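I opened this structure to take notes on its loops, its helix packing and its core. The entries follow in the order I looked things up.

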Amino acid sequence: MRHKKDYSHIMLKLHNTLSRGIQEFKSIEPYAVRLYTCGPTVYNSLTIGNWVAYIAWDILVRTLKANGYEVDRVMNITDVGHLVSDADEGEDKLQKGAKREGKTAWEVAAFYTKDFMDGMAKLNLIAPTHLTKATDFIDEQLTLIRALKEKGYTYRIDDGIYFDTSKFPTYANFARLDLESLKAGARIDYNTEKRNPSDFALWKFSPAAEQRDMEWETPTDLLGEGEHKKGFPGWHIECSAMAMSLLGNTLDIHTGGIDHIPVHHTNEIAQSEAASGVRFSNYWLHNNHLKVDGVKISKSLGNGYTLEDLEERGYTPLEYRLFVLQSHYRSEGNFTFENLDGAKNRLAHWRSIAALRHQIHATLEPDDVRESSIYGASRALLEALNDDLNTPEALKVVDHAFHEIEQRSINRIHRHSLITLLESIDELLGVELISSTPDITDEQKQRIIQRERAREQKDWQISDEIRISFESEGIILKDTSHGTIWSYN
C-alpha cells in the first residue's frame, strides 16, 4: 500500500550550464517537463564511467516526479554517425565495432542496445518515455538539414554537407570558446575544405571505395540534379532532430556529460536554434567524469570496468548505484574498490533497517516527538535533492534517520512511519530497499522461535546450528534484549 506524502512548497534548484549558476527550475508548461538525455553510442559495453550520467539523470527524473511534474523524456540511441573524432574525421564507431567483432554494424548496434537496456534494468533506472534510434529518424534529420540549407547555414565539400558556424553569431557563447585560438591551433592535416575549424558535418558522404553497412541515398535537393551519393548523418544532427521531433523546438532540460559541452552540445544549439529561431533548451545539466584509482578511464590501462566486471567480483549493480550517489553529479568522482565496499556495506545496513518492518508486532500510536523525525526525513530527503540533486546530503539524511531508528527497541518503532520513509527512499534514490527485503517464510519464523527456546534452555549447540543454517540462507540473526532480529546478509 502506498502512503501519500506531501512535498509541496519545496523549491527545485538546478545548476544551469547556460547561465553557469544555480537557478530555480521553472518549466515551460505547468507541471510538465520536456527532457532530453544524450544516450549511448552502441558499439561496445558501457564502462562504469559511462553509467554515472544515466544514474545522475535517473535521480533528476525521480526528483522531478516527486515535485509533481509529468516528465516527457527522450533518450537517443546513437547507432550510426558517431565518428571517432569530434572533428568529423576518422571511422564511424559502429563500423569500427563491426570490424572488431566480425559482425555487421546493424548486428553490433542491436547487441549493444540490448546490453544497454539490460544495464538500465539492473541499475533500476526509469525507462525514458521515448528511446529513439538515430537510424529510425533519418527522414527527420534530412528535413532539419534541408531547413538549415534553405536558411543559408550549410555548404557542401567533397566529404559532406557542413554547418557554417560563422553564420551563427553566438556559436561560441555556450562553451565560452575562443574561436580565434581554435583557428590558430588548427592542425596541418585538418580538413582544409572547411571554411572554419569549428564547422561540423550535418551529413557525411560515404567514401567511394568503402561499402558501409549503414548508408542512405542523399536527397537530390541536398545535392543537385542528376547526382547520386550515399551518405549518413553526422552525430550532432541526430540529437537535434529526435529532440525537436518529439519534444518541440524548445526543451525544458537537456542533459549530458561535461565532455559534450565544447563540441556536441555547442553544435546541437547552433543547428537547432538556426533552424527554429528560438532557444533550444532552457536548462542544461552536465555531469562530471569518473576516474578509477585517481586516473582517467582508458582502454590501455584496462580500468574501464563494466557492470559485468563488478558482478564477477561479487558486487551488485545497486551497490554501484549507491556508490555513484555518494558523490555530487558535478564533482569529479573517483572509483576504488575500497569506496565500492563502503557503498556495499551502507546498502547492507539500510536493508537491515528495511527488514525491521516485518518484525514490528506492537501496535503504537505515533508519538509526535519521536515520529516527526522519521516523517520529516522524507521531506528532508527531497529538500536535499531539490538543491541541485545533492545526493551526498540525501544519503546523510537517510543515515541519520536510520541511526535514530536503531536507538529504539523494535517495539518502540512506528511501523507506518518506517514504511513511509522506505517508500520515499526507493522513490527518490531507487535502491529497492522494499523489494530486496521480503518477509521470511513461516517455516523460518518457526525456526527462530525454536532457537529462542534453545537459548532459554542454554542449549547453545542447537542455537548455533540454527544460526548457521540461517547464514547459509543469506540471513543474519542478531540477539537483543527484546528478542531475535533478522536481516539479509
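Entry 1, a loop residue. I started in the loop between α3 and β5 (130-133), which is where Asn 124 sits. I looked up the backbone there and found that phi of Asn 124 is near 60°, a positive value in a residue that is not glycine. I noted the background: most residues other than glycine have a negative phi. I also wrote down that this is a predicted model, so these angles come from a prediction.

I went to Asp 293, which lies in the loop between β13 and β14. Asp 293 also is not a glycine, and its phi is positive, at about 50°. Is Asp 293 buried or exposed? I found 53% relative accessibility for Asp 293, and because exposed means over 50%, Asp 293 counts as exposed.

I traced an open sheet of 3 strands, in the order β14-β13-β15, with mixed pairing. Which are the edge strands? They are β14 (295-296) and β15 (333-335), and each of them pairs on one side only. I then followed strand β13 (residues 290-292), which runs parallel to β15 and is joined to it by 3 bridges. Across that pairing, I found Lys 291 opposite Asn 334 in β15.

I stepped back and counted 15 helices and 17 strands. The protein has 489 residues, and 53% of them count as buried. I looked up the box filled by the C-alpha atoms, taken along the principal axes, and got roughly 95 × 50 × 35 Å. Among contacts with a separation of 6 or more, 77% are between residues 24 or more positions apart.

I took helix α2 (residues 93-101) and helix α3 (residues 105-122), whose axes lie 8 Å apart at an angle of about 95°. That angle makes α2 roughly perpendicular to α3. From α2, I listed Leu 94, Gln 95, Gly 97, Ala 98, Arg 100 and Glu 101; they meet Ala 105, Val 108, Ala 109 and Tyr 112 in α3. Sorted by class, this contact has 6 nonpolar, 2 polar and 2 charged residues.

How do the axes of helix α1 (residues 48-66) and helix α13 (residues 415-429) cross? They come within 7 Å and cross at roughly 125°. On the α1 side the contact is made by Ile 59, Arg 62, Thr 63 and Ala 66, and on the α13 side by Asp 426, Glu 427, Leu 428 and Leu 429. By class I noted 4 nonpolar, 1 polar and 3 charged residues for α1 with α13.

I looked up the largest nonpolar core, which has 126 residues; Tyr 320 and Leu 429 touch the most other members. Helix α1 gives the largest share of this core, 13 residues. I then checked what Leu 429 touches, leaving out residues up to four places away in sequence. The list includes Ile 59 and Arg 62, along with Arg 321, Leu 325, Trp 350 and Leu 381. It also holds Leu 385, Ala 394, Leu 395 and Val 398.

Definitions and conventions. Residues are numbered from 1 along each chain as its sequence is written. This is a predicted model: local features need pLDDT of at least 70, side-chain atom pairs count only at pLDDT 80 or more; totals for chains, interfaces and linings use all residues. Side-chain values use heavy atoms; hydrogens and water are left out. Axes are lines fitted to C-alpha atoms, for helices over the stretch in contact, and angles run from 0 to 180 degrees between N-to-C directions. Helices (H or I, at least four residues) and strands (E, at least two) are DSSP runs, numbered from the N terminus. Contact means heavy atoms within 4.5 Å. Ala, Val, Leu, Ile, Met, Phe, Trp, Tyr, Cys and Pro count as nonpolar, Asp, Glu, Lys and Arg as charged, and the others, Gly among them, as polar. Angles under 35 degrees count as roughly parallel, over 145 as roughly antiparallel, 65 to 115 as roughly perpendicular and the rest as oblique. Two strands pair if DSSP finds at least two bridges between them. A nonpolar core is a set of buried Ala, Val, Leu, Ile, Met, Phe, Trp, Tyr and Cys residues joined through side-chain atoms within 4.5 Å. Buried means under 20% relative accessible area, exposed over 50%, partly exposed in between (1.4 Å probe, protein chains only).
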